[in-house]
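Please keep the sequence and the structure open while reading.

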Amino acid sequence: MTWQEAFRRDALGTEDDAAPDAGYKALMELIDDGFCVIQFIDGPRGPLSDYVHIEANSGYERHTGIDGIVGKTVFDVAPQDGAEWVKIYGEVLRTGEPLRFEREFVEAGRHIEVSATRVEPAAKAQVAVLFRDITERKRKERELRESQRRAEKSACHVARALSAGAILGTWVWYLDSETFDLDEEFSRSMGLDPAQGAAGLTIDQIVVNVHEDDKPGLMAAIDRATQQTTPYAYQFRVKRADGLYHWVEANGRMEAETPRIFAGVLMDLDDRRAILEERDKAAAALSRLNETLEQRVEEQTAKLMQREGELRQAQKMEAVGQLTGGLAHDFNNLLTAISGSLDFVAKRLEDGRREEILRYLEAAQASTERAASVTQRLLAFSRQQSLMPKPTDVPQLVRSMEDLMRHSIGPHILVRAEDDAEAWPAMVDPNQLESALLNLCINSRDAMPDGGTITISTTNEVIETDNSELPPGDYLRLSVHDTGTGMTSEEISKAFDPYFTTKPSEKGTGLGLSMVYGFARQSGGCATIDSELGKGTTVNIFLPRSVETVARAEADLPVSEEPATGGGHTILVVDDEAIVRFVVVEALEEAGFTVYQAAHAAAGLQVLQDQPEVTLLLTDIGLPGGMTGREFAARAREAREDLRVMFMTGYDEEAATATTLTDTEVLLKPFDFDEMVRRVTSFANRGPA
């Protein structure tokens, strides 16, 4: 008879009574564990594939958290895991063998320990189940296993550290009893006898072999560590049995307050400090190497800079040599022509052959004009020519030059002008721009011996960022493009150098492009070259945009054929060059002016003081004696407010702009004397300044 049958018999008094009485229920409630009887029934999965709870005590709810279990099938309370419960209890029903097991009740979120027995006879298809909740026990078992795993892992790490020599030994200090538990390796590492360490030592005996310089710090660190729970670490030297001092590090902490326990490990530092020393030595060596390297780099840099300076100086001297050589060649030719022409004039005058004098004078005059052109180009290249910039309609200037360019270039070259209706006005000296443009067209002609096309165009350009040539701003780009032979990159790099030319010696001096470049830079812009062999060349001149509008051009006044006359005006001419002063005075006196002259500013001021009838001052800019022509003119105006001032200059980039005087004019040397007289006369006849 099973325990369930005995239980029912004792509780009910008869086996056949179907309804348990109050005594049976009371007995079930005396059981603290959960208890239930399940009845196997047929289900969707086949015969006896489900069961229903037909009896249960209150412990069922306590141990599962499920109330009202009677009448519910296994799939009502465990829809996912129900088949497994049927399988387990079905085996008990089939074999009649009692079963004890532990299993997670997933739906209830509990872990339970179960005892299951078949209710006899087997035909009833019932199983009695007694179980209890062991969730808390399982949690503690898991924690215990995890603690054991960590302990084993820590022990493994300690064993590895010990075997690797990183940890020399361990200690435990029971402060309340002033006793120590030291392992043998700790004792040996501290230079102690292991047997003595096992017998027990005092703290003073333990640290007896510590280096005297390290002992005070060690004892102070131990005192601090035993008064608090923060980690303790201290490095020191200790003398061992080999008679040598070794570096070690003690690491530990207070483990408990009652009883007070201070425990830790002793670690070897010899290898680590050796590595650190090697590292420090390497760092020091590297530092010395860096210092030496920096010094060597500085020395090498200084040498390179010196060589670069020498190279620049050599290039500069080469350029100066090329420039002076070209100048000497040109001026020697010009002086030869002038000198020879004047010699022939003198001989013809001696021979009385005056009819031949004119052609020699014309030859001398032509050479003089060529010399003036060379000088003007040099001043343009050096950016020191006198410019008279004003708002200029560049497309209109190009159109006005078309006939001159076609006549100068020849019929075998087609000249096209592409106007931009929206082109900005440029701030530029129009006369110098005409000269530069004509120069470029002649260069293009020489690059097209078999004919071709020259295209002149204007385009608005906005420079937004700084570059090597132009600051940000608005510019007008004047481009001259030809379909000629083109240039190599090496030729482009030297194209703006003075006296550099790819033409035969009789075809040009090499000052044309250098003049264009200098003129563009002096005007506040720049010049660039784009070229490719066999495909032609484009030279671009960038000119600053004018914020002022272009004044409407006045009709040219007819020039009188009669020579200009002084009309009774009195002029003071000041120039330190006696010959220049002589010819200027001669020309003005022949025109009817009364002329006084002076060689420097001080003498000129004296003349103005002595001769109040002087109404016009014609002075050179570059005067000796510590006072320039501009300063002299300013002093003269202070004394004579109505004095008119005209400057002469052959070399002064500030002639037109540096003076603060109003109503002045500038004559550029060399000048045509008839034109000089005409301009002086016109200027004098305007009335007082």
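The paragraphs below describe the fold first and then selected sites.

**Overall make-up**

The model is predicted, and its values are computed from the coordinates of that prediction. The secondary structure of the protein comes to 21 helices and 22 strands, and of its 689 residues 38% are buried. When contacts between residues at least 6 apart in sequence are considered, 60% of them join residues at least 24 apart.

In soluble globular proteins, nonpolar side chains tend to be buried together. In this model the largest nonpolar core holds 36 residues, and the members that touch the most others are Met 405, Leu 433, Leu 437, Ile 454, Ile 456 and Leu 478. Leaving aside residues up to four places away in sequence, Ile 454 touches Ile 409, Ile 413, Leu 414, Val 415, Cys 441, Met 448 and Val 480, and its contacts also include Arg 416, Ser 444, Arg 445, His 481 and Asp 482. Another core, of 27 residues, lies apart from it and includes Val 74, Trp 85, Phe 101 and Val 114.

**Aromatic pairs**

A pair of aromatic rings is described by the distance of the centres and the angle of the planes. The count for this model comes to 12 aromatic pairs. One of them joins Trp 85 and Tyr 89, whose ring centres are 5.8 Å apart with planes at 25 degrees, and because stacking requires planes under 30 degrees apart, this pair counts as stacked. Both residues belong to helix α5 (residues 82-95), where they are four residues apart, or about one turn of the helix. An α-helix has 3.6 residues a turn, so residues three or four places apart point the same way. Trp 85 counts as buried because its relative accessibility is 4%, below the 20% limit, and Tyr 89, with a relative accessible area of 5%, is buried as well. A stacked pair is also formed by Trp 173 and Phe 180, with 4.8 Å from centre to centre and 25 degrees between the planes, and both Trp 173 and Phe 180 are buried. Trp 85 and Tyr 89 also belong to a cluster linked by ring pairs, together with Phe 40, Tyr 51, Phe 101 and Phe 105.

| Arginine | Ring | Distance to the ring centre |
|---|---|---|
| Arg 273 | Trp 247 | 3.8 Å |
| Arg 644 | Phe 683 | 4.3 Å |

Ser 115 is found in strand β4 (residues 110-119). Is Ser 115 buried or exposed? With a relative accessible area of 18%, Ser 115 is buried, because the cut-off for that class is under 20%. Its side chain makes a polar contact of 2.7 Å with the side chain of Arg 100. Besides Arg 100, and not counting residues up to four places away in sequence, Ser 115 touches Leu 99, Ala 128, Val 129 and Leu 130.

The loop between β4 and β5 (126-133) contains Pro 121, and the peptide bond from Glu 120 to Pro 121 is cis, with omega near -5 degrees. Ala 125 lies in this loop too; its phi is near 60 degrees, a positive value in a residue other than glycine, and at 11% relative accessibility Ala 125 counts as buried.

Glu 178, which lies in the loop between β6 (167-174) and β7 (179-182), has a positive phi of about 55 degrees although it is not a glycine. With a relative accessible area of 46%, Glu 178 is partly exposed, whereas Ala 125 is buried.

Note on methods: Residues are numbered from 1 along each chain as its sequence is written. This is a predicted model: local features need pLDDT of at least 70, side-chain atom pairs count only at pLDDT 80 or more; totals for chains, interfaces and linings use all residues. Side-chain values use heavy atoms; hydrogens and water are left out. A nonpolar core is a set of buried Ala, Val, Leu, Ile, Met, Phe, Trp, Tyr and Cys residues joined through side-chain atoms within 4.5 Å. Buried means under 20% relative accessible area, exposed over 50%, partly exposed in between (1.4 Å probe, protein chains only). Contact means heavy atoms within 4.5 Å. Helices (H or I, at least four residues) and strands (E, at least two) are DSSP runs, numbered from the N terminus. A polar contact is a pair of N or O atoms within 3.5 Å; within protein, one must be able to donate a hydrogen and the other to accept it, and residues adjacent in sequence count only if both atoms are side-chain atoms. Rings of Phe, Tyr and Trp (its six-membered ring) pair if their centres lie within 6.5 Å; planes under 30 degrees apart count as stacked, over 60 as edge-to-face and the rest as tilted. A charge sits over a ring if NZ of Lys or CZ of Arg is within 6 Å of the ring centre and within 35 degrees of the ring normal.
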